[in-house]
Each structure stands twice: as C-alpha cells, then as structure tokens.
Amino acid sequence: WRINVIGEDSHILVYKRASYLQKLKGLMDLLYRFGHDGYSAVMLGTYMPPFGLPIILYCTLRKIPWILQSDTHLLPKRKCSTRMLKRLFLPPLLKRGSHFLPFGTRQWKYFRYYGVNKSKITITHMTVDVPGIIRVVKEVRKSGVSQKLRRNLQISDSDVLILFVGRLAELKGGDYLLQAFITISKQIKGTHLVLVGDGPQRSKLEEIARKAGGKNFHFIGYM
C-alpha cells in the first residue's frame, strides 16, 4: 500500500472553495499517480461523481483493483426514479469492485441489494469505543487532570471549555471553528477554546486568535 496519494494537494478534491479547474487538476493528478506510481490497489470512500466514478472507471480500465468503503444504507423514502436509476446503474458498476468494506449490517445489506457477492464483502465496524471513552472520562475526572489543565491555562471551573484535537491544516476547517468561536464567545462570557495539535495552518490560526483578542484561545501544540 502506498499512502502518499493523500499529500498536500489532494484536499483540492473536497475543498469547497476550490474552482472547478483546480478540482479537475487535482483529479487528473490522482489519475496520473494511479497509472504511473505502481499502486497495487486503490481504496475509495465514494462511488459518486464527480470524483468517485471517474476513478473507478479509470482503475477498471487500467485493471487496478479498487476497494469501496461505505456507510451508505438503503433509504426507504427515496424517489421511485432515483431507485430505478440506481438499480440500473449500480449493479454493473459494483460488480467490477475487488472488495467492499461496509461499516455495519445495514451497509452490508445495501451492497447485497445491489448485487455484490457475499464473498466480496467484509464488515468493518466503526471503531469508536463509546464504553471505553466513558470509562476513560470517568478516570480522568477522578485523577484531577482536568482541574490541573484548567489551572495551567488559567481557566476557572465555571468557565466553558471547548476542545479541538487534530491537525491544524486547511482541510480540517480550523478557520471556520475559530470564526464560530469568536461569535460564541461574544454571546457567552467565560468561554475558552483549547486547540491540541500542530500543522501548516497554525500561524494563520494564531493570527486570527490574536486579532480577536487572544486571551481565550489556547494553542497547546502537538502531544
């Protein structure tokens, strides 16, 4: 498996403010990599146009195995015309897939409904361990770590603390988060935003925070 396909420029495919030409360039760049960099397989999160379908068709023509991961399930209230189109379009398309990774039994039924062979489907359950998270939260509360963090950041126990954990990159939408927080903090006093993580957008986000006053923004960095 090669993972450099998700490099600095691949966000152009999903970045809403990108122009159609930029998106087309990003798509062509991906297709070029698939054809020339020797990928043994390609995993997709969608079969829908404008990007999923061209990539699937390209991989099929070049005989590059493709794997589809999906959380889509059957929706009972779909329009009759939509259902008919999907019944005509999806079975011959999905037939060419190498393997399918639904997130649960409802998604498994979706693939079976559109003719995917059972042998090609492997359920990959969502990996969010909710009971485990609840257990850790209880342990953290007992340990006093939360209170220590508040003291270090000079945040009182009565203040509202909003936590972000992730890479500070344009794809993550950190600038939208900061703009939303600026609006909220004007309406609700004693609100703090703590950002854990680092990335290429950090300096830009710190500048936004500085112009907004800065004292209620806390950049922890990479942990």
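Is histidine 192 buried or exposed, and what is its relative accessible area? In this predicted model, histidine 192 is buried, because its relative accessible area of 7% lies under the limit of 20% that defines the buried state.

The confidence of the prediction is considered before the details. The mean pLDDT of the chain is 84, and 91% of the residues reach 70 or more. Among the elements of the chain, confidence is highest in strand 5 (residues 191-196), at 95, and lowest in helix 1, at a mean of 78. Over residues 1-14 the pLDDT is below 50, although this stretch has 26 contacts in the model beyond near neighbours in sequence. Where pLDDT is low, the predicted coordinates should not be read in detail.

Strands of a sheet pair through backbone hydrogen bonds, either parallel or antiparallel. Strand 5 and strand 6 are paired in the parallel sense over 4 bridges, and leucine 193 stands opposite phenylalanine 217 in strand 6.

The side chain of histidine 192 makes a polar contact of 3.2 Å with the side chain of aspartate 159, while a polar contact of 2.9 Å joins the side chains of histidine 192 and histidine 218. Apart from neighbours within four places in sequence, the residues in contact with histidine 192 include Ile155, Val160, Leu161, Ile162, Phe181 and Asn216. Histidine 218, for its part, is found in strand 6 (residues 217-221) and counts as buried, because its relative accessibility is 9%. With neighbours within four places again left aside, histidine 218 is in contact with Leu153, Ile155, His192, Leu193, Val194 and Leu195. The C-alpha atoms of histidine 192 and glycine 132, which are 60 residues apart along the chain, are separated by 26 Å.

A further open sheet is formed by 3 strands in the order 1-2-3, with parallel pairing; the edge strands are strand 1 (42-44) and strand 3 (99-102), each pairing on one side only. The twist from one strand to the next averages 20°. Strand 1 is joined by 3 bridges to strand 2 (residues 66-70), and these two strands run parallel, with valine 42 standing opposite tryptophan 66 in strand 2. Helix 2 (residues 52-61) packs on the sheet, where it touches strand 1 and strand 2, and the direction of helix 2 makes about 155° with that of strand 1.

In soluble globular proteins, nonpolar side chains tend to be buried together. The largest nonpolar core of the model has 26 residues, of which Phe34, Ile55, Leu68, Leu94, Phe100 and Phe111 touch the most other members. Two or more residues are given to this core by each of helix 1 (20-36), strand 1, helix 2, strand 2, helix 3 (80-94) and helix 4 (105-113), and helix 2 gives the most, with 5 residues. Phenylalanine 100 is in contact, beyond neighbours within four places in sequence, with residues that include Trp66, Leu68, Leu94, Phe111 and Val116. A second, separate core of 11 residues includes Leu178, Phe181, Leu193 and Ile208.

Technical notes. Residues numbered from 1 in each chain as written. Predicted model: local features only at pLDDT ≥ 70, side-chain atom pairs only at ≥ 80, totals over all residues. Heavy atoms only, no water. Pairing = 2+ DSSP bridges. Axes fitted to C-alpha atoms, helices over the stretch in contact; angles between N-to-C directions. Contact = heavy atoms within 4.5 Å. Core = buried A, V, L, I, M, F, W, Y, C linked by side-chain atoms within 4.5 Å. Buried < 20%, exposed > 50% of the residue type's maximum accessible area, 1.4 Å probe, protein only. Polar contact = N/O pair within 3.5 Å; in protein donor to acceptor, adjacent residues only side chain to side chain. pLDDT = per-residue confidence, 0-100.
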